[in-house]
Structures are given as structure tokens and as C-alpha cells.
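User: I'd like to learn how to read strands and salt bridges in a model. Please walk me through one.

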Amino acid sequence: MSRLPQVCWLLSPIRSGSSVTVYAAGAGLGWPVADEVFGPWDRTGEPYHYPASHVRLLEAFQATGETLTGEIATLAAGVFGDIAEQADAPGVLCKHPHASIGPEHIAAHWPGHHSVVLLRNPLYALNSLFVRGWDEATGGGSMIGYFSTIGQRWLADPHRLVYEDLQQDAAGFFTRLYQAWGLEPTAERVERAVAYKAGHYHHSSRSQAGAEPGDRPMRVRSARSWAVPEPIVAEYLADPLMREVFARAGWAIERGAYPGVVVR
């Protein structure tokens, strides 16, 4: 590593549009993406080609039980620098769709970094898992603790964003995202980000290069069918914190606003 790049973070739950958001934003800036460099996958091979320093960070972070320590922060700074150097870019966008690192941790270890929390309606994020048959990703539960942790951070974030705004007003969404990162939302940057979003659909973190067959950016699989078990829907709509998040985001808290019943 020969330099310290500017680093901006996108924090979110899984299946919440973080991939298309961060890659589009990176296209607008001409910056590379540090895509889940804290794990769980080794991404030194195709299609990422991350530096070997990524593996050292991954192993060390897992050894701490996914705790951001001073040592981990130093290793991560090296990874960010190496990724920026590979791309000959002044900055890096770090995508972290996990609950292990929040804005409070970033501020403690890297006060110069900027972060923003992105949420998608958790019921639709969960539906994206269930309709694909990825039930094991939930650990056999509703993941309400996971979504609650990130939801609390979202409520505390003055720049909080929602995935639904990306779908409805991409230009306004990217303008607010760049502003949250302390970056100038020039017309050129926003136009490039919007164009990327219009032409790409990221169906999973490990397939950043293209779209699933039959999926289109405005009509993805999770919007075409409903597979969330009814007890999970009921749990979210009854939970006080989730109701606060839903209300603040403008999402419905009545069962009738969501698609059909699935009993398991």
C-alpha cells in the first residue's frame, strides 16, 4: 500500500439493493468497490481479483468473532489502499451488508470515513431470500434481531436512505447518497450512476457482472411472487421497533398491504 484513499461506506441488510447501489455509485465516481472484504468469502479470484491483503483481513476478522479491533482496522486500511492502488483511484466504496460493523465503529476507528445506512422493507428483503429457496440464509429464523440492529442504526442516521427511492427517483437517490458521503453530486456523476443502475441488475453479491435470466431492473423475482411465511410477517408487523422503522420509512404496517399468505 502506497497511499491512503478516501473511503465511503454503504451499510445495509442483505437483499436490500446494496450491490446495485454501490456499483452504480462507483461507476459515477470512477472508484472501485470493496465488496464484503470483511467476509465471508475469499475474493482474490474471479471476478474481483482483490489483493492478498484481503485474505489476511478476512482470516483475522473471523478470528475475532467479527469484532472491529484496532488491529483489524489497520489491516482493513491496507486493503482499502491496495484496492485503490489497483484501480488507480483516489477513493474506495466499502459495501458491508452485515450487522457486525456500524457507523459507531467506523467513527471510532476511522473518523475521516463517511458512512450511510440503506434499508429496504425487511419483508421484501426476506422475500428475496425465500423466493430463491435460500431459506438457510435466515438461520431457520425470522432474522428480526439482525434487521433490528441495522434498523436502529438507520433511525439514528441523518442521511438514511431507502431502496424504494432508488427505484422511484434514481437521480435524487444518488444525489443524496453522494452528499451523505461528503462528495459533490455533480451532474456527470449522477448521470453515470443512473445509467449504470438502468443497465445492470445484481441478483447476488457473488455475481456482480450480470443479471439473472428473466429478471429486469424494474421487475425482479422478489416482486413477482410471495414466499415469506405468515408467522414471520406477523412478527415484523407487531414488533414495536420494526413498526417505528416502517412508519419512518413510509412502509405499510397493515397486513393487507402485503401479498398473499404463506403458511409453513
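Analyst: Start with the pairing of β2 and β3. Strand β2 (residues 33-35) runs parallel to β3, joined by three bridges. This is a predicted model: local features need pLDDT of at least 70, side-chain atom pairs count only at pLDDT 80 or more, and totals for chains, interfaces and linings use all residues. Residues are numbered from 1 along each chain as its sequence is written, and side-chain values use heavy atoms, leaving out hydrogens and water.

User: What counts as a strand, and when do two strands pair?

Analyst: Helices (H or I, at least four residues) and strands (E, at least two) are DSSP runs, numbered from the N terminus. Two strands pair if DSSP finds at least two bridges between them. Here D35 stands opposite K95 in β3. Strand β1 (residues 6-11) is also parallel to β3, with six bridges. C8 has L93 as its bridge partner.

User: Is β3 enclosed or open?

Analyst: Buried means under 20% relative accessible area, exposed over 50%, partly exposed in between (1.4 Å probe, protein chains only). Six of the six residues of β3 (residues 91-96) are buried, so the strand is largely enclosed by the rest of the structure. Both faces are covered.

User: Which residue forms a salt bridge with K95?

Analyst: A salt bridge needs a side-chain nitrogen of Lys or Arg within 4 Å of a carboxyl oxygen of Asp or Glu. K95 meets E36, with the closest N and O atoms 3.8 Å apart. The two are 59 residues apart, E36 being in the loop between β2 and α2 (53-63). Both K95 and E36 are buried.
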